[in-house]
Amino acid sequence: MTFTLSPVDQTEHDHDAIEHLLDLAFGLSRIAKTSYQLRLGNTAIEGLSLVMRDKALGLIGAISFWPIAVGPEMTPALLLGPLAVHPERQNMGVGRALIAEGLTRAKAKGHKLVLLVGDPPFYARFDFRQVPEGQIDLPGPFDPRRLMFIELEAGALAKAHGLALPPWRWTELSAPRATTSGWPPATAPQG
Ligand SMILES: CC(C)(COP(=O)(O)OP(=O)(O)OC[C@H]1O[C@@H](n2cnc3c(N)ncnc32)[C@H](O)[C@@H]1OP(=O)(O)O)[C@@H](O)C(=O)NCCC(=O)NCCS
C-alpha cells in the first residue's frame, strides 16, 4: 500500500503529538543522542518542519531540519532529523514523502548541504552517502558510518570541514571574552 496524503507544514498544535511519535519511534533515550545536542537551543528552519496526518491516527509522520555551521569557517548546512513515522504507518511511503518534500523545499530555499546521523541502508535509498571519516566532527560520540550527507548544490561537502555546531555556538565561541590571563585589563585603574 502506498500513502497518498501529502506533507504539510507543522503547526504549534502538533508539538505534543510529535513528542509522542518520537518516543514511539526512538524511545525515551533519544535525547541522549549527539544529534540532539545539535538541536538543543537551536531553532528548526521555518517552512521545513513537515508532518503528515490521517483521520484514524492523527499525526503519522514528522520531519524537521536544523541550521548548523561546520568548522570555524561556519560552512552552513542543515541537519535532517528527527524523521519518524508512526509504527502503524511504516513502510507505506510516509518517510519517503517527508524526505522528498523536505529536500525539495530546502533546495528551493537555497540550502546546499544536508547532514544527518541515521541508518545507512535507509538513507542510501535517498542518495545520502557517508561523510568521509574525519572530515566532519560532532559535539559528542557518534558512529562515523552513520554520519551521512546529500548535496543540494554540487561540491557543497568539500567546503565543510571540522566540528558541526549550531551557528549561535560558533558565534559565542568566537566572541571576545574576558579571561583570567588578561585580567585586570590594561586600562583598569590600578591599586
Ligand atoms: C525509518 C522510517 C523513518 C522509514 O519511514 P517509512 O515511512 O516506514 O519508510 P517508507 O515507507 O517511506 O520507505 C521508503 C523506502 O525505504 C525502505 N525502508 C523502510 N524502512 C527501512 C529501514 N529501516 N531500513 C532500510 N530500508 C527501509 C522501504 O522499504 C522503502 O523502499 P522502496 O522505496 O524500495 O519501496 C520509519 O520506519 C521510522 O520512523 N522508524 C522508526 C525510527 C527508525 O528506525 N529510524 C531509523 C532511521 S534513523
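View 1. Strands β5 and β7 run parallel and pair over two bridges, where pairing takes at least two DSSP bridges between two strands. Strands here are DSSP runs of E with at least two residues, helices are runs of H or I with at least four, and both are numbered from the N terminus. This is a predicted model, in which local features need pLDDT of at least 70, side-chain atom pairs count only at pLDDT 80 or more, and totals for chains, interfaces and linings use all residues. Residues are numbered from 1 along each chain as its sequence is written. Look for Leu79, which stands opposite Leu115 in β7. With β4 (residues 65-70), β5 pairs in the antiparallel sense, this time over six bridges. There, Ala69 faces Pro76 of β5 as its opposite number. The hairpin of β4 and β5 has four residues between the strands, and Gly71 takes a positive phi near 75 degrees in it. Strand β5 (residues 75-80) is mostly covered, with five of its six residues buried. Buried means 20 or more other C-beta atoms within 10 Å of a residue's own, exposed means 12 or fewer, and partly exposed is in between, with C-beta atoms placed from the backbone.

**View 2. The open sheet, strand by strand.** Seven strands line up as β8-β10-β7-β5-β4-β11-β9, forming an open sheet with mixed pairing. At the edges are β8 (129-130) and β9 (136-137), each pairing on one side only. Strand β9 pairs with β11 (residues 162-165) in the parallel sense, over two bridges. In that pair, Asp137 stands opposite Leu163 in β11. Of its 191 residues, 31% count as buried.

**View 3. Helix α3 and what covers it.** The 15 residues of α3 should span 21 Å at 1.5 Å a residue, and the end C-alpha atoms are 21 Å apart, so the two agree. That expected span is 1.5 Å times one less than the number of residues in the helix. Buried residues of α3 are Val94, Gly95, Ala97, Leu98, Ile99, Gly102, Leu103 and Ala106. Their cover includes β2 (50-54), β3 (58-63), β4, β5, β6 and β7. Just after the helix, Gly110 takes a positive phi of about 95 degrees.

**View 4. The largest nonpolar core.** This core has 46 residues, and Ile68, Leu78, Leu79, Val114, Leu115, Leu116 and Phe149 touch the most other members. A nonpolar core is a set of buried Ala, Val, Leu, Ile, Met, Phe, Trp, Tyr and Cys residues joined through C-beta atoms within 7 Å. Helix α3 supplies the largest share of it, six residues. Zoom in on Leu115: beyond its neighbours within four places in sequence, Leu115 is in contact with Ile68, Ala77, Leu79, Leu147, Phe149 and Ala164. Contact means that the C-beta atoms of two residues, placed from the backbone, lie within 7 Å. Across the protein chain, residues 24 or more positions apart account for 73% of the contacts with a separation of 6 or more.

**View 5. Lys112 and Leu152, in two loops.** Lys112 is in the loop between α3 and β7 (113-117), while Leu152 is in the loop between β10 (147-151) and β11. Lys112 counts as partly exposed because 19 other C-beta atoms lie within 10 Å. Leu152 is partly exposed too, with 18 C-beta neighbours inside 10 Å. Setting aside neighbours within four places in sequence, Lys112 is in contact with Glu151, Leu152, Glu153 and Ala156. On the same terms, Leu152 touches Leu103, Ala106, Lys107, His111, Lys112, Leu113 and Val114. From Leu152 to Leu103, the C-alpha atoms are 8.0 Å apart, although 49 residues separate the two in sequence. Lys112 and Leu157 are 45 residues apart along the chain, with 8.7 Å between their C-alpha atoms.

**View 6. The shell around the ligand.** There are 17 residues around the ligand, and the closest are Gln90, Gly95, Arg96, Gly118 and Phe122. A residue joins this shell if its C-beta atom, placed from the backbone, lies within 6 Å of the molecule. Two or more residues each come from α1 (15-26), β6 (84-85), α3 (94-108) and α4 (120-123). Helix α3 gives the most, three residues. By class, the shell has nine nonpolar, five polar and three charged residues. Here Ala, Val, Leu, Ile, Met, Phe, Trp, Tyr, Cys and Pro count as nonpolar, Asp, Glu, Lys and Arg as charged, and the others, Gly among them, as polar.
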